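Dear colleague,

Please find the structure below, with its sequence.

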Amino acid sequence: MKKQFLDLGYQPLANEFLSKYTNKHKKYRLKIFFDYKSKLVSISKKIPSKEMFTNKYPYRSSMSKTMQLSFLKLSKEILKRFNPILMLEIGSNDGALISNFNKKKVIGIEPCSNLAKITNKKGFKTYDNYWEINLAKKLKRKYKEIDLIYSANTLTHISDLKNVFKSINHLLSTNGILIIEDPSLLECLKKNSYDQFYNEHIYLFSVLSVKNIIKEFGFEIFDLKNLNTHGGSIRYYIKRKSNKKFKISERVKQQIKKELKFGLDKFSTYHKFSINVKKSKNKLIGLLSRLKSRNKKIIGYGATAKAVTVLNYCNIDNSIIDFFTDTTPDKINKYMPGKKIKIYKYNKNILNKVDFAFLGAWNFKYEIKKKEKRFLDRGGKFITHIPIPKII
Ligand code: TYD
């Protein structure tokens, strides 16, 4: 049984950046539910992948040094620990991970053809298809078996999880390894980062829920790693139960203990979270309004999907935030989805006349603070809403 604990109001598709502002932007009610049985947290309305992941998808994983470094480190670890003959990445984006591997030993799956084109051009075989059983069957006919499947920040975007794992089960070799990586529900609740919820993020995983989902396909988590990426993520190392080569690490047991201690298995925890979310909204509106009434110039730094949730939930528009700045080519000169706030191309002088910069990309706080030393030295300040709205 599922029960609603949070309502973030009407939200546009968080990556639908339009060149012309319209107040008729298509919006969907974003309600969040907890499933008592599977412990899975999900959004109510599941928008078809074909509407969200198009040939104009702007998000580029190689836009940040933090992500590039994280993928480089992981690629070294994969080679050392598992040394796969053939590996596949579901949701390879612009190749931030696969470009660290030998072209003959890696295949990408990326439904957004604008992104698949980038890696295909570089010589990395990339299928511009959605991940589902027919594709897995086609790949099995062609490649026989894959001994490592990796997917970061993708499986939580696909509504039919059974199809996802059935397809993985079909293609992965007997002793094959599955590694998935997604934002951590525990970190989201601890940081009060309600902006992890948007129409693309259908699920927010925990060890408790992943364990339940994969059980039915004969898979189990044998190791995990807590990561700083995306505001706190978990990398799950998964194998078939029949594979006795790897023991279940103590880290898995410890994480389950932590999740249970925090109450991820109880509805009351989510209810408490929803109260904190409402408080966060009021506090952020109060803080920004006070600064604005003192004629301060506020801009947004990082036109993230997360910021789209915040702007639309808190109803913040260009009377408060003058503009956003971002480095992603496909976001430049467009509008923040659902709000009349323009996005300008980042340059090192963009913060020159700015008093406050709201961190849309708060998950890159350290990288950004280092980059904007000049802004900070002349008295400029960043604002974050994580874990509570404040000037930093
Ligand atoms: P991310 O936090 O991964 O966002 P999402 O919520 O959309 O998943 O994306 C970071 C965004 O911030 C991306 O659009 C690039 C931008 N960015 C900058 O503009 N400058 C920077 O220095 C950094 C680190 C990110």
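In what order do the 4 strands of the open sheet with antiparallel pairing stand? The order is S1-S2-S3-S9. Please bear in mind throughout that this is a predicted model.

The edge strands of this sheet are S1, residues 2-12, and S9, residues 203-204, and each of them pairs on one side only. S1 is joined to S2, residues 27-35, by 8 bridges, and these two strands run antiparallel. Within that pairing, Gln4 stands opposite Phe33 in S2. Helix H10 lies across S1 and S2, and runs at about 90° to S1.

S15 and S16 run parallel and are joined by 3 bridges; here Ala357 stands opposite Phe382 in S16. S16, residues 381-384, and S17 run antiparallel and are joined by 2 bridges, with Ile391 in S17 as the bridge partner of Ile383. S16 and S17 form a hairpin, with 5 residues between them.

The loop between S16 and S17 contains Pro387, and the peptide bond that joins Ile386 and Pro387 is cis, with omega about -5°.

The ligand

The ligand is surrounded by 18 residues, of which Tyr59, Asp326, Lys331, Asn363 and Lys371 are the closest. By class, the shell is made up of 7 nonpolar, 6 polar and 5 charged residues.

A polar side-chain atom of Lys306 lies 2.8 Å from a ligand oxygen atom. For Thr328, a polar side-chain atom lies 3.1 Å from an oxygen atom of the ligand. Thr327, by contrast, uses a backbone N or O atom, which lies 3.0 Å from an oxygen atom of the ligand. Taken alone, the ligand exposes 560 Å², and the protein buries 96% of that.

Which elements give two or more residues to the shell around the ligand? They are helix H10 (305-314) and helix H11 (365-371). H11 supplies the largest share of the shell, with 3 residues.

A pair of helices

In general, two packed helices are described by the angle between their axes and the distance between the axes. For H7 (residues 207-215) and H8 (residues 250-262), the axes come within 9 Å and cross at roughly 115°. H7 makes this contact with Val207, Leu208 and Lys211, and H8 with Val252, Gln255, Ile256, Glu259 and Leu260. By class, the contact has 5 nonpolar, 1 polar and 2 charged residues.

Backbone geometry

Most residues other than glycine have a negative phi, and most peptide bonds are trans. Asn83 is not a glycine, yet its phi is positive, at about 35°. Asn83 is placed in the loop between helix H2 (65-81) and strand S4 (87-90). The cis bond between Ile386 and Pro387, described above, is the other backbone feature to record.

Yours sincerely

Notes:
Residues numbered from 1 in each chain as written. Predicted model: local features only at pLDDT ≥ 70, side-chain atom pairs only at ≥ 80, totals over all residues. Heavy atoms only, no water. Near = heavy atom within 4 Å. Polar contact = N/O pair within 3.5 Å; in protein donor to acceptor, adjacent residues only side chain to side chain. Areas by Shrake-Rupley, 256 points an atom, 1.4 Å probe, with all protein chains shown as cover. Nonpolar A, V, L, I, M, F, W, Y, C, P; charged D, E, K, R; others polar. Pairing = 2+ DSSP bridges. Contact = heavy atoms within 4.5 Å. Axes fitted to C-alpha atoms, helices over the stretch in contact; angles between N-to-C directions.
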